[in-house]
Structures are given as C-alpha cells and as structure tokens.
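Please work through the following exercises on a single protein chain. Each task is followed by a solution in steps.

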Amino acid sequence: MTNKKILAVASAGGHLVQLLRLTPAFIDHKVHWVSTSITQPKEIHVDSYHMVREASMWNKYGLAIMAFQIFWLVIRLRPDVVISTGAAPGYFALVFGKIIGARTIWIDSIANSEELSLAGRKSKLWADYWFTQWPELSNENGPHFIGSVI
C-alpha cells in the first residue's frame with residue numbers, strides 16, 4: 001500500500017475522541033489532524049495539528065470563517081483521503097476534499113443514536129464511504145454499519 005496523505009477532521013470533544021481511536025488505521029500514512037479543540041490532544045504531533053474556528057449553523061459568520069479555514073487547509077495540504085467523525089468542520093472538509101479529488105469518508109458520531117446528525121445527512125452527497133455507528137440507522141443505500149469506534 002502506498003503512503004497516503006490523510007486529513008482527519010473532527011469537532012472538539014467526542015467527535016475528536018472517536019477520530020483519535022482510529023489512529024492505528026493510519027500507521028504508515030502522513031496524517032494532518034484538524035479540529036476546533038483549543039487544546040491539542042497529546043496523541044497528535046505538534047506539526048500535524050491544525051485548529052479551526054468553532055461554529056455552528058446558528059453562527060453563519062463563524063461558519064463562513066470555518067469553511068474558509070478548511071478550504072485553505074485542503075488546498076494547501078492536498079490530501080489523498082479526508083475522514084471525519086463529525087460536525088461542521090468535517091462536513092466542509094469532505095466537500096472541499098471531494099472537489100479536489102480526494103477519497104472521502106464520513107463516520108457519523110456515536111452520539112447520534114436515533115437519527116443521523118445534520119452534517120451526517122448532508123455528507124451523503126460528498127462521502128465515498130458513509131457510515132453510522134448504529135446498526136438501526138443503516139440501510140442498503142447508506143449509511144452503512146460496520147461497527148463502532150467507541
């Protein structure tokens with residue numbers, strides 16, 4: 001397998017914890033981590049961590065800034081793969097990653113047990129691989145269930 005450049009993107013908190021649990025799958029690849037977390041997780045090397053602004057759909061101005069920050073990282077880093085466990089930064093990363101030709105993977109947060117998150121639903125259009133962590137939310141058209149990361 002050739003060495004890939006991976007952009008791993010998640011909001012702070014549980015989204016980032018879930019993404020960090022996938023770290024063993026990224027061995028032998030160059031990973032750039034992106035999050036809204038002000039505190040860089042100890043598992044991430046300082047040179048590969050990028051912080052973006054925290055925002056939600058109730059803060060359109062903040063979302064626009066976040067989207068631009070993600071856009072700039074995708075353009076500058078040119079990842080082969082974009083993977084996210086959720087929320088707004090992951091959604092924007094999938095959109096911009098797909099536009100530049102990266103493979104895209106969405107894993108909806110385990111917190112969404114009754115329905116997919118808003119970003120998870122929107123990611124369907126941009127994700128090459130679209131997953132849920134709840135078998136009850138999967139169907140043959142996606143999202144698919146192959147297990148959970150927590």
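The exercises below go from the whole chain to single residues.

The model is predicted, so local features need pLDDT of at least 70 and side-chain atom pairs count only at pLDDT 80 or more, while totals for chains, interfaces and linings use all residues. Residues are numbered from 1 along each chain as its sequence is written, and side-chain values use heavy atoms, with hydrogens and water left out.

**Exercise 1. Overall fold**

Describe the secondary structure of the protein chain and compare its radius of gyration with the globule rule.

Step 1. Helices (H or I, at least four residues) and strands (E, at least two) are taken as DSSP runs, numbered from the N terminus. The protein chain has 4 helices and 7 strands, in the order β-α-β-β-α-β-α-β-α-β-β along the sequence.

Step 2. The radius of gyration is taken over C-alpha atoms, and the globule rule is 2.2 Å times the number of residues to the power 0.38. For 150 residues the rule gives 15 Å; the protein chain has 14 Å, which is close, so it is as compact as a globular protein of that length.

Step 3. Along the principal axes, the C-alpha atoms fill a box of roughly 40 × 40 × 30 Å.

Step 4. Contact means heavy atoms within 4.5 Å. Among contacts in the protein chain with a separation of 6 or more, 47% join residues 24 or more positions apart.

**Exercise 2. The nonpolar cores**

Which residues touch the most other members of the largest nonpolar core?

Step 1. A nonpolar core is a set of buried Ala, Val, Leu, Ile, Met, Phe, Trp, Tyr and Cys residues joined through side-chain atoms within 4.5 Å.

Step 2. The largest such core has 26 residues, and those touching the most other members are Leu7, Val34, Met66, Ile70, Phe92, Phe96 and Trp106. Strand E1 (5–10), H2 and H3 each supply at least two residues of this core.

Step 3. A second, separate core has 17 residues, including Ile6, Ala10, Ile44 and Ile105.

**Exercise 3. Aromatic pairs**

Classify the pairs Phe68 and Phe71, and Phe92 and Phe96.

Step 1. Rings of Phe, Tyr and Trp (its six-membered ring) pair if their centres lie within 6.5 Å; planes under 30 degrees apart count as stacked, over 60 as edge-to-face and the rest as tilted. The whole structure contains 5 aromatic pairs.

Step 2. Phe68 and Phe71 have ring centres 6.3 Å apart and planes at 40°, so the pair is tilted. Phe68 is exposed at 53% relative accessible area, whereas Phe71 is partly exposed at 35%.

Step 3. Phe92 and Phe96 are stacked, at 6.4 Å centre to centre with 15° between the planes. They lie 4 residues apart in helix H3 and are therefore separated by about one helical turn. Phe92 is buried at 17%, and Phe96 is buried at 18%.

Step 4. Phe68, Phe71, Tyr91, Phe92 and Phe96 form one aromatic cluster.

**Exercise 4. Ser123**

Is Ser123 buried or exposed, and which residues does it touch?

Step 1. Ser123 belongs to helix H4 (residues 118–123), and its relative accessibility of 0% makes it buried.

Step 2. Not counting residues up to four places away in sequence, Ser123 touches Tyr91, Leu94, Trp106 and Trp130.

Step 3. A polar atom of the Ser123 side chain lies 2.7 Å from the backbone oxygen of Ala119.

**Exercise 5. Positive phi**

Locate Arg78 and Ala87, and state the phi of each residue.

Step 1. Most residues other than glycine have a negative phi.

Step 2. Arg78, with a positive phi near 50°, sits in the loop between helix H2 (60–77) and strand E4 (81–86). Arg78 is partly exposed, at 46% relative accessibility.

Step 3. Ala87 has a positive phi of about 75° and lies in the loop between E4 and helix H3 (88–99).

Notes
Buried < 20%, exposed > 50% of the residue type's maximum accessible area, 1.4 Å probe, protein only. Polar contact = N/O pair within 3.5 Å; in protein donor to acceptor, adjacent residues only side chain to side chain.
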